[in-house]
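Dear colleague,

My notes on what was found follow directly below it.

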Protein chains: 2
Amino acid sequence: MDHTVFTGNPLDRVSAKRPDSAWIAARLADPNARVLAVWNGRPFVETPGDEGREEGARLAYITAGEARRIAGDREDGLFFLGLDGETPVFGMEIGGASDPGEGAFERRTGRFAELRGVALALPPSEAAVVATAKSLLDWHRRHGFCSACGNASRSVDSGWRRVCPACETEHFPRVDPVVIMLAVANDKCLLGRNAGWPEGRMSALAGFMEPGETIEEACARELKEESGLVVRSVAYHSSQPWPFPSSLMIGLIAEVEDGQAVPDGVEILELRWFARDEARDVLAGRHPEVATPGGLGIARTLFASWCAG
Amino acid sequence: MDHTVFTGNPLDRVSAKRPDSAWIAARLADPNARVLAVWNGRPFVETPGDEGREEGARLAYITAGEARRIAGDREDGLFFLGLDGETPVFGMEIGGASDPGEGAFERRTGRFAELRGVALALPPSEAAVVATAKSLLDWHRRHGFCSACGNASRSVDSGWRRVCPACETEHFPRVDPVVIMLAVANDKCLLGRNAGWPEGRMSALAGFMEPGETIEEACARELKEESGLVVRSVAYHSSQPWPFPSSLMIGLIAEVEDGQAVPDGVEILELRWFARDEARDVLAGRHPEVATPGGLGIARTLFASWCAG
């Protein structure tokens, strides 16, 4: 697998134009404009096949006109995601506690699909657009109030900034960096089982970065905390936006000192070393006990890269 | 210059113990416990030399007893930063609009020093501890209220989490990833002058990451926006915590396609290519027109690394 899901958003964000409300309005008036509707984190998609099968899924964009009718006076809930060539693309949160259901919009069929289930079935570029929209929309949903003074804030710059009318504090969409690392030593790599995962499911270790850390220091801290292992060197591999709700996964290969890997017993329940041949069996899904890291996460990219090399 | 300022925090954060209030209280009762006092983003420091000179500066830690007397019933404002060997280290915000002044505490002399001015004069490990404390304390100052519902939230886990008593939303310290990249092509590197900088001051380009981007995509977007240049490949170099207020600087070397570098005229007013010899003159401070990127930022590390070879 060469492609990491949620990477490769093809849109030109044209970020300098976001504060230009006349320019944004003209893009929304473009008859070709497309709106990605999201309900409760779920994008509106069409699937050609049977109910419940995701194969061949595509985003079922709605028109800007329809979006405006739904948005009503909440037009500031239509956020500019960027240009796909010349075509403006917007994102929009569909409110409400219950799923609007199949064929929710006039234009055509479609349904709100859980992103973890549908992401691999979507064309990669569409999955990446959804990741951007979902993170941005989630941020608004969780940031309606100013953290500095508690007053209701309002969305500006077509959804890319919030401002508090009371204390004038500006707020920007949150991106939370996470280090995710495949620990290696003596031509073996380490996988761990998170608390809450079923027996036999294992993946790379990971954790949120904290203030005052470099990427390498965060990697060393997380490995020490979760496995007791001491890092010798850290190599950056690649990264991935992770829209649950808004992380940046920073993928690393960490060479560690020889030693006993001891799970912390809280976040990590089990740790296991894999020689390359055995790791390849895990990757190919033919290991008798251990299931491969999920296909959505960058852990699989790291693991596949190490298995290959 | 081999060391990037604010990296190398030597404290063991012992993050698993933060929720254990009895353990934290025992650390605070340790007679060796040290407290880093910060007023308005400024650490309390001692300098051996004349007023206004920062050379030889050291953190002037206060005792836990003194900190508790100052904190009074705000004891939840004493945040556990970690262990320095066996010694517990805490951080504490000193409130108030005006500088408490020289010798603010009973224990000894000292003053609240602007971090940008004093950071290079402090021992590197102390500068890194200040970076952690300042980012964490700033976060509390700007996040007293729940962004989801507007109610006052409260600090838990010795300052590493806030919880809303009304809606139970959890909030974690913010770390904002920034891509900072030295663009190179044809054995030349690109420096730019930010709006607001004096004529002749130039540095690497940079910008905040957005939801839905990889590090490489953010680098390409920022370079396109600020210079019009197209990225061919991106190599990760190193990273730096940047406590103004709480960024993670992700340092990159970006190979770009040949082409005219055109400043956006808003964030970047001037761009200029430097051949290696000329770049070395800039680095050494002997260029007639262009001043070196500031010594605090990772831009200097990137630039020095490229100059070296």
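In what follows, helices (H or I, at least four residues) and strands (E, at least two) are DSSP runs, and they are numbered from the N terminus. Counted in this way, chain A holds seven helices and 16 strands. Please keep in mind throughout that this is a predicted model.

To begin with the chain as a whole, the C-alpha trace of chain A spans about 60 × 50 × 35 Å along its principal axes. A compact globule with 309 residues would have a radius of gyration near 19 Å, and the 22 Å of chain A agrees with that. Of the 309 residues in chain A, 55% are buried, and if one takes the contacts in chain A with a separation of 6 or more, 65% of them are between residues 24 or more positions apart. The accessible surface of chain A comes to about 12,800 Å², and carbon and sulfur atoms account for 48% of that surface.

Strand 9 (residues 161–163) of chain A runs antiparallel to strand 10 of chain A and is joined to it by two bridges; Val163(A), for instance, has Glu170(A) in strand 10 of chain A as its bridge partner.

Turning to the two chains together, chain B is superposed on chain A by a rotation of 180 degrees with 0.0 Å of shift along its axis, at an RMSD of 0.0 Å. The two copies are therefore related as by a two-fold rotation axis. In chain B, the C-alpha nearest that axis belongs to Gly150(B), which lies 2.1 Å from it. The same surface serves both copies, in that 100% of the contact residues of chain B recur in chain A.

As for the contact itself, 42 residues from chain B and 42 residues from chain A take part in it. The area buried between chain B and chain A is about 3,500 Å², with carbon and sulfur atoms giving 55% of it. Of the area that chain B buries against chain A, 18% is supplied by Ser147(B), Arg174(B) and Pro211(B), which is more than any other three residues supply.

Key. Residues are numbered from 1 along each chain as its sequence is written. Chains are lettered from A and ligands numbered from 1 in the order in which they are written. This is a predicted model: local features need pLDDT of at least 70, side-chain atom pairs count only at pLDDT 80 or more; totals for chains, interfaces and linings use all residues. Side-chain values use heavy atoms; hydrogens and water are left out. Copies are superposed by least squares on the C-alpha atoms of residues with pLDDT of at least 70 in both. Contact means heavy atoms within 4.5 Å. Two strands pair if DSSP finds at least two bridges between them. The radius of gyration is taken over C-alpha atoms; the globule rule is 2.2 Å times the number of residues to the power 0.38. Buried means under 20% relative accessible area, exposed over 50%, partly exposed in between (1.4 Å probe, protein chains only). Accessible areas come from the Shrake-Rupley method with a 1.4 Å probe; for residues, only the protein chains shown count as cover. Buried area is the accessible area (1.4 Å probe) that two parts lose on being put together, summed over both.
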